[in-house]
Amino acid sequence: MSMATKVLPKVNNGTGAFVLQCKSLVFNYCERWGSNKGMIEYIKKDLATFARENPQIEIIVESRPHHHPVVRGNYLNGRDKVICTRNMTPSEISKKVDLLRDSSGAKLKNLTKKPVISTTESVRGVWSPFHTNPHTI
């Protein structure tokens with residue numbers, strides 16, 4: 001092990017350079033189904049602009065006969081997210097594509113759970129020595 005690897009700290013995303021977590025977007029559509037009308041219009045008009053603005057994302061357009069249109073985002077952590085764009089307008093599809101681009105690919109977490117996990121939950125809160133013996137001056 002060289003001296004340089006010992007001295008350098010572990011780099012986190014955003015501290016040195018930001019690395020976008022979305023590595024590719026796959027657009028699947030069918031030319032014959034009516035539910036694909038918005039997707040075909042988005043591909044013809046807006047996809048080239050999106051690709052120019054985001055050169056770090058690989059854009060793949062595939063025909064998928066006899067299916068509803070979907071947009072699939074592939075991420076660096078190996079996961080993917082799929083959004084069905086059936087009967088959506090191009091502006092709605094653009095919002096969904098931006099959502100996939102900005103997403104991290106991590107699983108969704110339930111935020112309704114309590115932040116502290118305990119085997120014996122207390123209704124009184126955190127104990128302090130000032131609660132049992134009050135001071136007198």
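Tutor: Start with helix H4 (residues 90-102), where Asp 98 and Arg 101 are 3 residues apart and so separated by about one helical turn. Helices are DSSP runs of H or I with at least four residues, strands are runs of E with at least two, and both are numbered from the N terminus. The model is predicted, so local features need pLDDT of at least 70 and side-chain atom pairs count only at pLDDT 80 or more, while totals for chains, interfaces and linings use all residues. Residues are numbered from 1 along each chain as its sequence is written, and side-chain values use heavy atoms, leaving out hydrogens and water.

Student: What joins the side chains of Asp 98 and Arg 101?

Tutor: Side chains of opposite charge can pair when their charged atoms come close. Asp 98 and Arg 101 meet in a salt bridge at 3.7 Å, N to O; the term requires a side-chain nitrogen of Lys or Arg within 4 Å of a carboxyl oxygen of Asp or Glu. Arg 101 also forms a salt bridge with Asp 102, with 2.9 Å between the closest N and O atoms. Shared partners join Asp 98, Arg 101 and Asp 102 into one network.

Student: Is Arg 101 buried or exposed?

Tutor: Buried means under 20% relative accessible area, exposed over 50%, and partly exposed in between (1.4 Å probe, protein chains only). Arg 101 is buried at 18%, Asp 98 is partly exposed at 26%, and Asp 102 is exposed at 54%.

Student: How many salt bridges does the structure hold?

Tutor: It holds 3. One of them pairs Asp 80 with Arg 72 at 3.3 Å, N to O. Asp 80 is partly exposed, with 37% relative accessible area, and Arg 72 is partly exposed at 27%.

Student: Which residues touch the most other members of the largest nonpolar core?

Tutor: In soluble globular proteins, nonpolar side chains tend to be buried together. A nonpolar core is a set of buried Ala, Val, Leu, Ile, Met, Phe, Trp, Tyr and Cys residues joined through side-chain atoms within 4.5 Å. The largest has 18 residues, and those touching the most other members are Leu 25, Phe 27, Met 39, Tyr 42, Phe 50, Val 71 and Val 97. E1 gives the most to this core, with 4 residues.
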